Amino acid sequence: MSAKSDWLKHNHQALYNQANQTSSYMNNEENKVRMGLNGNINNWITGEFNSKHLAFSNAFVGWLDPALRTPMKITTLDKAEKDFIPVYRQLYTGVLRNNPLVTDADLVAMGFPKRPDNHREPVPDPTAILEVIAKTPSPGVVDFYFRIAGETGHAKPYGIQGYELCGGLFAEAPVNWSQLPMNYFSTTSPLHLAFEGNQRGRHFYFAARLENNRGVKGDWNEIQSVIIP
């Protein structure tokens, strides 16, 4: 997509202003509840969007004065912006645009364009079952890749805002999902988890399900396990 047709602002000042507009409106408690952003997705907003937005904002403020603009401050801003932009895009395309509780007026107030007509279909309840592939790329790290069972791609179905994964460390396999105490939520695949050194070699049992933009959850898949490397 060209910069001309893209909704994302393409200079530091304009992006800073746009992101602040989004954050101020979205993090207003009344707006958040009305738009259905106070459930699992709020964990992602707080942990991903808000944290990377803060890092970008702080770096921009430090860079703003030309008299104090050192090479280190330029590098810091460039990195913070690079980290922030994909999360900002995901907020719009993966969280807000297909959420029926978010109106076109809300999108415009947050600095986004209105939906195209082909994004006005009702969001269905999740019916698909997830397949989860656990990979262990390095010691203490497990990446969980999500896809719809029977499919080869990792694209989310229309109206799905993310994946809920519950898990736990056990010597023996748990018999039902309610025994999995750890809860994680991700809008993208994979979900990256880093474990403590004393947890390496243990079995991590887990299950996952879809959640749509109305907060409706699908069914859990079968409980699986991975040995923490």
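Which residue in β6 is the bridge partner of Gly162? The partner is Glu211. The views below show where this pair sits.

This is a predicted model, in which local features need pLDDT of at least 70, side-chain atom pairs count only at pLDDT 80 or more, and totals for chains, interfaces and linings use all residues. Residues are numbered from 1 along each chain as its sequence is written, and side-chain values use heavy atoms, with hydrogens and water left out.

**View 1. An open sheet of 4 strands has the order β4-β3-β6-β7.** Its pairing is antiparallel. Strands (E, at least two residues) and helices (H or I, at least four) are DSSP runs, numbered from the N terminus. Two strands pair if DSSP finds at least two bridges between them. β4 (182-186) and β7 (224-227) are the edge strands, and each pairs on one side only. From one strand to the next, the twist averages 30°. Axes for such angles are lines fitted to C-alpha atoms, for helices over the stretch in contact, and the angles run from 0 to 180 degrees between N-to-C directions.

**View 2. Strand β3 and its partners.** β3 covers residues 160-169 and is joined to β4 by 5 bridges. These two strands run antiparallel. Here Glu164 stands opposite Phe185 of β4. Helix α3 (residues 40-63) packs on the sheet and touches β3, β4 and β6 (203-212). Contact means heavy atoms within 4.5 Å. The direction of α3 makes about 70° with that of β4. Between β3 and β6 there are 9 bridges, again antiparallel. 10 of the 10 residues of β3 are buried, so this strand is largely enclosed by the rest of the structure. Buried means under 20% relative accessible area, exposed over 50%, and partly exposed in between (1.4 Å probe, protein chains only).

**View 3. Three strands form an open sheet in the order β1-β2-β5.** The pairing is antiparallel. β1 (130-138) and β5 (191-194) stand at the edges with a single partner strand each, so one side of each has no neighbour in the sheet. Neighbouring strands are turned by 25° against each other on average, direction ignored.

**View 4. β1 and β2 form a hairpin.** The turn has 2 residues between the strands. One turn residue, Gly140, has a positive phi of about 80°. Ala134 stands opposite Phe144 in β2. Glu131 has Arg147 of β2 as its bridge partner.

**View 5. Aromatic rings.** Rings of Phe, Tyr and Trp (its six-membered ring) pair if their centres lie within 6.5 Å; planes under 30 degrees apart count as stacked, over 60 as edge-to-face and the rest as tilted. The count comes to 17 aromatic pairs. Phe204 and Phe206 form a stacked pair, 6.3 Å centre to centre with 20° between the planes. Both Phe204 and Phe206 are buried. One aromatic cluster holds Trp7, Phe49, Phe56, Phe84, Tyr88, Tyr92 and Phe112.

**View 6. Charges over rings.** A charge sits over a ring if NZ of Lys or CZ of Arg is within 6 Å of the ring centre and within 35 degrees of the ring normal. Arg69 lies over the face of Trp63, at 3.8 Å from the ring centre. Arg89 lies over the face of Trp7, at 5.8 Å from the ring centre.
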